[in-house]
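Biologist: I'd like to learn how to read a model like this one, feature by feature. Could we go through it together?

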Amino acid sequence: MAQRDKHLYFDVRARGEAIRMLYALAGKELDDQRMGFAEWPSLKPSTPLGKVPVLTTQDGVLCQSNVIARYLGRKFGLIGSTQWDETLNDLVMETVKEFYESGVIAKIFLWKIFKGVPEPEDPEKVLEEVRQSIIKHVNYIQSIAEGRGKKFILCDQIQLGDVWLYAALESSRVIYPDIMTTTPWVKEFTAKFEADERIKKHMAERPPSAAGI
């Protein structure tokens with residue numbers, strides 16, 4: 001029996017959930033190693049760059065969530081059928097990264113969820129600025145989708161970019177409860193994504209997320 005890939009991440013969704021969803025879509029088993037925040041200091045020295053997620057496969061060990069995603073997208077056939085499809089998946093992923101990692105995580109989660117940095121002087125201003133950034137970036141992704149005219153962003157089947165967008169919005173919902181219904185397009189996208197039987201099964205069986213993210 002082939003050895004299962006191992007995924008090391010915190011017991012939250014955040015950057016790790018999209019990776020878990022890719023395995024669910026591919027129908028592949030994953031050794032999903034979830035750790036509590038208290039365990040991290042002892043495990044950190046053994047990880048590449050002292051960061052998670054980390055994916056261990058028969059090919060080797062990978063870090064950096066977007067690199068892991070691209071590897072899995074190619075491995076599982078979730079990047080479309082042409083070089084242009086793959087490039088557009090990259091574009092969607094980088095657009096999501098810009099609002100989620102540089103905005104939601106860096107400017108909000110670090111002080112509001114993790115208490116790792118002081119609260120900003122004007123938290124309401126920061127919250128609104130990040131919210132507008134999410135809407136701006138999602139509107140851009142919508143324009144890409146409308147240009148393609150498919151069921152999902154780029155194709156008629158869920159692709160890598162779809163997973164990255166959904167996972168980021170779902171994680172952001174702890175701060176912005178209405179973020180997945182801000183426009184008719186994102187509301188429809190969310191409904192279609194959640195209607196996929198593989199995603200339904202994954203979401204029904206996954207454990208609750210610590211810290212709500």
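Biologist: Let me start with charges: which residue forms a salt bridge with Lys-201, and how far apart are the closest N and O atoms?

Modeller: Keep in mind as we go that this is a predicted model. For a salt bridge, you look for a side-chain nitrogen of Lys or Arg within 4 Å of a carboxyl oxygen of Asp or Glu. Here the partner of Lys-201 is Glu-205, with 3.2 Å between the closest N and O atoms. Because the two sit 4 residues apart in helix 8, about one helical turn separates them. Both Lys-201 and Glu-205 are exposed.

Biologist: Which side chain does Glu-197 meet in a salt bridge?

Modeller: That of Lys-200, at 3.4 Å from N to O. This pair also belongs to helix 8, which covers residues 197-205, and its members are 3 residues apart, again about one turn. For exposure, the cut-offs are under 20% relative accessible area for buried and over 50% for exposed, with partly exposed in between. Glu-197 has 55%, so it is exposed, while Lys-200 has 42% and is therefore partly exposed.

Biologist: What about Arg-131 and Asp-178: where do they lie, and how many residues apart are they in sequence?

Modeller: Start with the contact: their side chains form a salt bridge at 3.0 Å, N to O. Arg-131 is in helix 5 and Asp-178 is in the loop between helix 6 (160-172) and helix 7 (184-195), so this bridge ties together parts 47 residues apart in sequence. Arg-131 counts as buried because its relative accessible area is 18%. Asp-178, at 35%, is partly exposed.

Biologist: How many salt bridges does the structure hold, and which residues are linked in a network of them?

Modeller: There are 17 salt bridges in the structure. The network links Asp-11, Glu-17, Arg-20, Asp-32, Arg-34, Glu-170 and Arg-206.

Biologist: What is the phi of Leu-49, and is Leu-49 buried or exposed?

Modeller: Leu-49 isn't a glycine, yet its phi is positive, near 65 degrees. It lies in the loop between helix 2 and strand 3, and its 63% relative accessible area makes Leu-49 exposed. Now look at Ala-14, another non-glycine residue with a positive phi, about 40 degrees. Ala-14 is in helix 1, residues 14-26, and its relative accessibility of 9% makes it buried.

Biologist: How many disulfides does the count come to?

Modeller: The general idea first: a disulfide is a covalent bond joining the sulfur atoms of two cysteines. The test is whether two cysteine sulfur atoms are within 2.5 Å, and in this model the count is 0. As for individual cysteines, Cys-63 is buried at 16% relative accessible area, and Cys-155 is buried at 14%.

Biologist: One last item: is Leu-22 buried or exposed?

Modeller: Buried, because its relative accessible area is 0%. Leu-22 is a helix 1 residue.

Conventions: Residues are numbered from 1 along each chain as its sequence is written. This is a predicted model: local features need pLDDT of at least 70, side-chain atom pairs count only at pLDDT 80 or more; totals for chains, interfaces and linings use all residues. Side-chain values use heavy atoms; hydrogens and water are left out. Buried means under 20% relative accessible area, exposed over 50%, partly exposed in between (1.4 Å probe, protein chains only).
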